[in-house]
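Subject: Structure handover

Hello,

Here is the structure for you to look over. My notes on it follow below.

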Amino acid sequence: MLGKLLVIGFGPGSFEHMTNRALTAIQESHCIIGYKTYVDLISDLLTDQEIISTGMSEEVSRAQAAVKLAEEGKTVAVISSGDAGVYGMAGLVYEVLIEKGWTEETGVSVEVVPGVSASNSCASLLGAPIMHDSCTISLSDHLTPWKLIEKRIEAAAQADFVISLYNPKSGRRTRQIQEAQRILLTYRSPNTPVGLVKSAYRERQHIVITDLENMLDHDIGMLTTVVIGNSSTFLYDNKLITPRGYQRKYTLDKTEQRLKPHERLRHENEPWALHQGKKEDEQIQKKSQTRKAEAVPASKVSEPMETSLDLALEALSLVAGENAGARANEGQKKNEIYNPVVSVFELAISPGVVNKHFTPKQMITLAEVVGNDGTMEYTPHHQIHLRIPTAEPEMITGRLKDAGFLIEPIGDVFQLKACDFCDGEKKDSIPQAEEINKRLSGLELPKELKVGFNGCGMACYGAVNDDIGVIFRKGKFDLFLGAKTVGRTAHAGQPVAEGIEPDKIVPLIEEIISDYKEKGHPNERFFKYFKRVGKVLDYTYKDMTPKIEIEPAPCGD
Ligand code: SF4
């Protein structure tokens with residue numbers, strides 16, 4: 001009868017962080033084989049098992065002994081701390097078995113019992129540093145050529161991985177961690193957050209939060225795991241946090257999100273993705289343009305090769321905007337952390353409240369700030385919506401303001417839709433339109449709300465069809481409330497007042513809006529609100545729905 005090999009990772013060392021299977025596997029074993037320190041760590045779990053514990057660098061003899069005992073019919077536990085399959089004994093046990101011609105079908109049975117590896121246990125004590133792509137690198141060059149380790153450190157540093165360094169230093173190996181720091185500093189800011197965790201979840205647990213530049217000033221030994229943040233990792237209240245990227249789509253301090261669930265996976269909302277925010281046909285077009293642009297002219301062949309740092313900065317520029325690479329480089333020189341957080345900046349622009357004319361210069365500015373990766377959408381509401389991936393929204397708004405654009409937020413906000421007052425010729429009510437816009441533009445509301453403002457009784461810009469309509473006529477204002485602006489049962493607003501004095505219209509609109517903001521339900525359009533409450537200020541609701549039979553529409557009404 002052949003026995004069984006249980007290759008067990010028992011996690012960091014405390015019993016509560018050991019898996020239940022690790023516990024039962026230890027209990028069902030006849031023999032326990034492990035490095036002495038590890039056997040001591042689990043000694044309280046042992047009963048009458050035979051113990052074979054040996055010292056450092058005796059792994060091969062332990063694996064051979066385990067295989068031999070299993071072949072004699074025993075159930076043998078080969079124990080490692082952390083995970084048996086991560087720098088543990090699992091690989092070596094298989095290698096020894098393979099040398100003996102083992103197969104799963106004919107040989108001893110093998111079970112690898114996973115455990116919590118040091119990078120995970122240490123990360124949990126440091127905060128949340130491994131929230132994004134990460135790697136582990138062992139600095140032990142006893143079995144691995146240093147040149148290979150060096151190459152891996154460089155590649156990981158260049159690729160912006162969060163890095164967990166295992167076996168960073170021992171009595172004899174002291175230079176490796178210095179070399180690792182030197183390489184990392186070539187690619188990362190000296191202020192990159194670093195966590196040093198010694199003996200995680202054991203009695204002598206010790207945690208240090210430091211940075212890449214100063215990490216060697218602290219005690220680092222064989223039992224230390226060094227966790228190095230990526231370019232986005234930040235420190236908060238002594239915790240290392242690496243953002244996953246949620247800021248690109250979500251506003252974390254608001255419950256209402258700018259993107260509705262069904263919009264979150266749309267191409268245009270992911271300009272950083274492989275598709276670059278473009279639909280399939282646009283992608284094909286862009287690819288062929290890129291290929292043409294990439295054809296290398298003969299004169300370029302002799303140019304010196306770019307360094308890996310140049311490539312990293314170029315890549316950063318591609319994802320974070322034109323100046324990001326340069327700023328990261330500058331930040332490095334100044335020993336500053338540069339953590340660009342690229343998100344899609346959404347805003348609406350128009351030439352003005354009254355003005356409806358764009359200048360060529362404005363169009364050029366618009367094209368420049370939107371760039372190849374942003375989008376411009378012409379809307380039916382006198383605005384162009386811009387969606388621009390950027391780490392610098394202030395730079396965008398600054399340039400648009402300098403070009404004379406009116407900038408407004410997008411979403412469930414107040415918007416004034418004024419006519420052009422016959423290109424400014426019928427200008428008597430322009431001051432009121434501008435004042436309403438000044439006081440209320442961009443105000444957050446239960447649902448988007450548009451006030452149509454027309455400068456004469458012709459109302460050619462359709463103010464009566466907006467949520468609230470304001471029409472200047474014979475030196476005074478008429479007011480319409482509760483148009484149903486969408487759907488097949490859309491209807492004009494209810495005429496609720498005529499002859500409102502010019503000095504009364506602005507405060508009146510403010511009062512109506514404030515009433516709706518306070519009492520409207522989330523997502524409740526103004527016409528529904530008016531219908532539900534029955535009265536807004538002194539204006540009583542009247543049903544304006546067309547009295548005709550209309551079959552329900554397949555979606556919405
Ligand atoms: S609503 Fe009257 S003032 Fe405004 S653009 Fe039309 S005609 Fe001119």
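What is the mean pLDDT of the protein, and what share of its residues reach 70 or more? This is a predicted model; its mean pLDDT is 87, and 88% of the residues reach 70 or more.

One is residues 298–308, where the pLDDT stays under 50 and the model has six contacts beyond four places in sequence. The other is residues 331–339, also below 50, with 24 contacts in the model beyond near neighbours in sequence. Where pLDDT is low, the predicted coordinates should not be read in detail.

Next, a helix pair. Helix α13 covers residues 430–440 and helix α14 residues 502–519; their axes come within 10 Å and cross at roughly 30°. An angle under 35 degrees counts as roughly parallel, and α13 and α14 are therefore roughly parallel to each other. Their crossing is right-handed. On the α13 side the contact is made by Q432, E435, I436, R439 and L440, which meet P502, I505, V506, I509, E510 and I513 of α14. Sorted by class, the contact of α13 with α14 has seven nonpolar residues, three charged and one polar.

Last, the ligand. Around the ligand are C419, D420, F421, C422 and K426, together with N454, G455, C456, A459, C460 and Y461. This shell divides into seven nonpolar, two polar and two charged residues.

Regards

Note on methods
Residues numbered from 1 in each chain as written. Predicted model: local features only at pLDDT ≥ 70, side-chain atom pairs only at ≥ 80, totals over all residues. Heavy atoms only, no water. Axes fitted to C-alpha atoms, helices over the stretch in contact; angles between N-to-C directions. Helix = DSSP H or I, 4+ residues; strand = E, 2+ residues; numbered from the N terminus. Parallel < 35°, antiparallel > 145°, perpendicular 65-115°, else oblique. Left-handed = near helix turned anticlockwise from the far one by under 90°. Contact = heavy atoms within 4.5 Å. Nonpolar A, V, L, I, M, F, W, Y, C, P; charged D, E, K, R; others polar. Near = heavy atom within 4 Å. pLDDT = per-residue confidence, 0-100.
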